[in-house]
Amino acid sequence: MTDEFDVIVIGAGPAGENAAARAVRGGLTAAIVEDRLAGGECSYWACIPSKALLRPVDLAGEVGRVPGMSLGPLEVSKVLARRDEAVAHYNDSGQVEWIKNVPVEFVRGRGRLDGVKRVRVTTRDGQETTERVLTARHAIVLATGSTALVPPVPGLAEAKPWTSHEVTAAQAVPERLAVIGGGVVACEMAQAMHGLGARQTTVLVRGGSLLARMEPFTGELLAESFAEAGIDVRTHTDVIRVERPEPGGKVTVHLSDGPPLEADELLVATGRVPATAGLGLETVGLAGGRSVEVDDSMRATDVEGGWLYAIGDVNGRALLTHMGKYQARVCGDVIAARAKGSDETLLAMRDIADGYGAPQVVFTDPQICAVGRTEAAARKAGFSVRVVEYDLGNVTGAYLLGDGYRGRAKAVVDEERRVLLGVTFAGPGVAELLHAATIAVTAEVPLDRLWHAVPSFPTVSEIWLRLLEEGYGL
């Protein structure tokens, strides 16, 4: 095995895999280093398992809205079994085989920077530890992702709470679940566990609403849905202390207001931090434990020589798998072009999508999805803003999906250029509307031209026509 490659990638999640594959496509040799499962967080403990758990709950909601249809109790054991199948039973042999066939050399072990263009890989096999030093001719790419943040609440860490890892891998549904946080992971997993049988689910939100970073109506609609399902959402609530005397036993959560809350499991979903601690950043003049700042080609801005790159969660731009993969494609192409001395001014070799606002879906019922800027963000940025909103339930296609369909759409428009700055949808099944919005926002399609993109009838996508009519009389 050689110890020298054109490109070395640390982290074999979706971003790292794509960067390595793209570099190889550009004619370079590459190695990828991973000490856990190839495929990364998304494949085993985030996107894939969480959606496998949410899909039956979502479908049950859809069936319940259609007269003449009924659905018996969910078979939880079969839902969990399908989740296990979706994550390949936590076996990455297929993923490793794919990497080798790219071809990229797969190196199992803990990788850390060891100076300029050097990676030291530590591998432990039982009591035996071995080390191998890899060197890169052109570039090293950091793709180590992020880890769950556990706040410094007295007793919280000692209580061994669930994070996204444990809840998506759960082998049983707790009777009583307490959730700390009001963001995407908190909302999705609260609804999944409750829908799968958690008798008492309580969501503890420090701020005033769910999904606080999105348009306000999204959190309001979701809170209504939670209330109807029996999920208790408590806003403006601080956790001041946690007790769990017996490992795996009952958890007592002491709150800033009201009596303590007792639960069988406690999920902490209060955000994530870049996985850069222990990565050897100090050997190249950077500080560990924080995001690596990059330019639009994904190259680290504070490292001399321009050989270090960082993609995905580790650079803090957008903590979303699809954006990490996008950044990886940019990064791999840039590295290959620079290695050959090619023209690097091509637009395809720069990250412009993050500047417009990454698309995101929250797979709850109702689904929440958005791309671009919120109204508040657009106004803060100084745009001349006009806002158009419409009740999705008044669209014929939405009505046909089931009785009592509730949803809303909001478009944020730059009045001067008459282009969309952001679009948000909330309602059952709206995730499939998002890519049309993403194209309209990132391509800056003029409203006068967008009006000629005729939606099919009767579909929910007719919301585009309604927004244009409502806002501009087009």
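Residues are numbered from 1 along each chain as its sequence is written, and side-chain values use heavy atoms, with hydrogens and water left out. Since the model is predicted, local features need pLDDT of at least 70, side-chain atom pairs count only at pLDDT 80 or more, and totals for chains, interfaces and linings use all residues.

**Exercise 1.** Find how many disulfides there are, then check Cys-331.

Step 1. A disulfide is a pair of cysteine sulfur atoms within 2.5 Å. The count is zero.
Step 2. For Cys-331, the nearest cysteine sulfur belongs to Cys-42 and lies 19 Å away.
Step 3. Buried means under 20% relative accessible area, exposed over 50%, and partly exposed in between (1.4 Å probe, protein chains only). Cys-331 has 0%, so it is buried.

**Exercise 2.** State the strand order of the open four-stranded sheet and name its edges.

Step 1. Strands (E, at least two residues) and helices (H or I, at least four) are DSSP runs, numbered from the N terminus. Two strands pair if DSSP finds at least two bridges between them.
Step 2. The order is S10-S9-S8-S14, with parallel pairing.
Step 3. S10 (232–234) and S14 (265–268) each have a single partner strand, so one side of each has no neighbour in the sheet.
Step 4. Three bridges join S9 (residues 200–204) to S10. Thr-202 has Asp-232 in S10 as its bridge partner.

**Exercise 3.** Describe the salt bridge between Asp-6 and Arg-137, and where its two residues sit.

Step 1. A salt bridge is a side-chain nitrogen of Lys or Arg within 4 Å of a carboxyl oxygen of Asp or Glu. The count is 41.
Step 2. Asp-6 and Arg-137 meet at 3.0 Å, N to O.
Step 3. Asp-6 is in strand S1 (residues 4–10) and Arg-137 in strand S6 (residues 128–142), 131 residues apart.
Step 4. Asp-6 is buried at 10% relative accessibility. Arg-137 is partly exposed at 36%.
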